[in-house]
Amino acid sequence: MNNLVQIRRDLHKIPELGFQEYKTQAYLFNFISQLPNENLTVVTWETGIIVKIKGTEPTKTIGWRTDIDGLPILEETGLPFQSEHEGNMHACGHDCHMTIALSLVQAFATNQPKQNVIVYFQPAEEGPGGAEPMLNWIKSERPDLLPDEIYALHIAPEYPVGTIATKPGLLFANTSELFIDLKGIGGHAAFPHKTRDMAVASANLLLQLQTIISRNVDPMDSAVITIGKVTAGTVQNVIAENARLEGTIRTMSAASMADVKRRIKAICAGIEASFECTCTIDFGTMYYEVNNNEQCVNNLLTFAKDYEGAHAYECPAAMTGEDFGYFLKEIPGALYWAGANCEYGLHHNKITPDESLLSFNAKFMEQYIRSL
Ligand SMILES: CC(=O)N[C@@H](CCC[C@H](N)C(=O)O)C(=O)O
């Protein structure tokens, strides 16, 4: 088994949620500590790590960012190296992303690049968001750790390995989490008229929220409201006093996000009136859109077109979110989809990315960064 596959499998076993990535950080730190360190500066921030590699004749500093957290998903891959943290899973490829980032650190630590390179191991991409606070800390405490341009990848199960798919401008959506707590009056299942049933109210609310997409968003625009978790009540023969919807909103612009939120508030006010209950809305964490720099995308795609085994092309935007958008808001750069050739999609409990993507993308990015 090659070294990168082993690293990915080690990391796959220990998925941790945002800002709880202690074992992950220790694993990464241990790996980095064993590398030649004459040209390295290694700094920790919360559960993340930042590694700067001094270049031989630097004219600029190139950044590479990986996310390091897992998701609260019960893994069902049945793999011999499946998650040892039951209920958590690397179902979004961050184990692969970290492996590629470690490979870059190793390559540049052993064979110094021309440009300075900074690799960011960033916590909490799935939530509550690590990029924005990490960047704020760097700006105020360690401006020497800011790059001139920055890149990242995200695995794409639907594409074959070797795919480098990206586009200039908007690649990923604006996101906002959505949590709505409903409170009514519970009671005996046989006497609904004496209660305010939040199971029924939350079911109505869930369906009405979907009308925002079909009836309020311009059909030429795009938006998503997904409610991923619904909880209500306590037992089968007691009417639910409480319910909670948990979800996410995705839009193509900040203006459209504001409109969707306005409609959510209005619908909740209607639910309060019709079901005689209270709805408390919390919009949670927001991620700024992923807006790729045109020049950086052109450079990346041009390099990829001549790279053996790469299939480079411009893809459409997607409604995924990524807090890497906060880096791109301040620093020119690009994120690309890296083909992972897998039957199951992102966030699926059976996702098994094709591990040949690890060495392909690690080598590809190493060569690209050396070309800058
Ligand atoms: C690439 C990816 O899958 N990212 C996540 C980001 C989630 C942000 C936040 N927790 C939310 O749900 O809005 C995604 O679900 O797109």
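## A helix across the sheet

Let's start with helix α7 (residues 294–305), which lies across β5 (149–156), β6, β16 and β17 and runs at about 35° to β17. Helices (H or I, at least four residues) and strands (E, at least two) are DSSP runs, numbered from the N terminus. Angles run from 0 to 180 degrees between N-to-C directions, and axes are lines fitted to C-alpha atoms, for helices over the stretch in contact. Helix α9 (residues 356–371) also packs on the sheet, where it touches β3 (61–67), β4 (116–122), β5 and β17, and its direction makes about 155° with that of β17. Here, two residues are in contact if their C-beta atoms, placed from the backbone, lie within 7 Å.

This is a predicted model: local features need pLDDT of at least 70, side-chain atom pairs count only at pLDDT 80 or more, and totals for chains, interfaces and linings use all residues. Residues are numbered from 1 along each chain as its sequence is written.

## The sheet itself

How many strands form the open sheet? There are eight, in the order β1-β2-β4-β3-β5-β17-β6-β16, with mixed pairing. Two strands pair if DSSP finds at least two bridges between them. β1 (40–45) and β16 (311–314) stand at the edges, each with a single partner strand, so one side of each has no neighbour in the sheet. From one strand to the next, the twist averages 20°.

Strand β6 (residues 163–166) and strand β17 (residues 333–339) run antiparallel and are joined by two bridges; Ile164 has Ala338 in β17 as its bridge partner. β3 and β4, by contrast, pair in the parallel sense over seven bridges, and the partner of Thr61 in β4 is Asn116.

## A covered strand

Seven of the seven residues of β3 are buried, meaning that 20 or more other C-beta atoms, placed from the backbone, lie within 10 Å of a residue's own. In a regular strand the side chains alternate between the two faces of the sheet. In β3 both faces are covered: Thr61, Gly63, Arg65 and Asp67 are on one side, and Ile62, Trp64 and Thr66 on the other.

The chain is assigned domain 1 (3–172 + 289–371) and domain 2 (174–286), with bounds from an automatic or database domain assignment. Their C-alpha centres lie 34 Å apart. Seven residues from domain 1 and eight residues from domain 2 make the contact.

Where does the ligand lie? Both domains give residues to the shell around the ligand, so it lies between them.

Technical notes:
A residue is buried if 20 or more other C-beta atoms lie within 10 Å of its own, exposed if 12 or fewer, and partly exposed in between; C-beta atoms are placed from the backbone.
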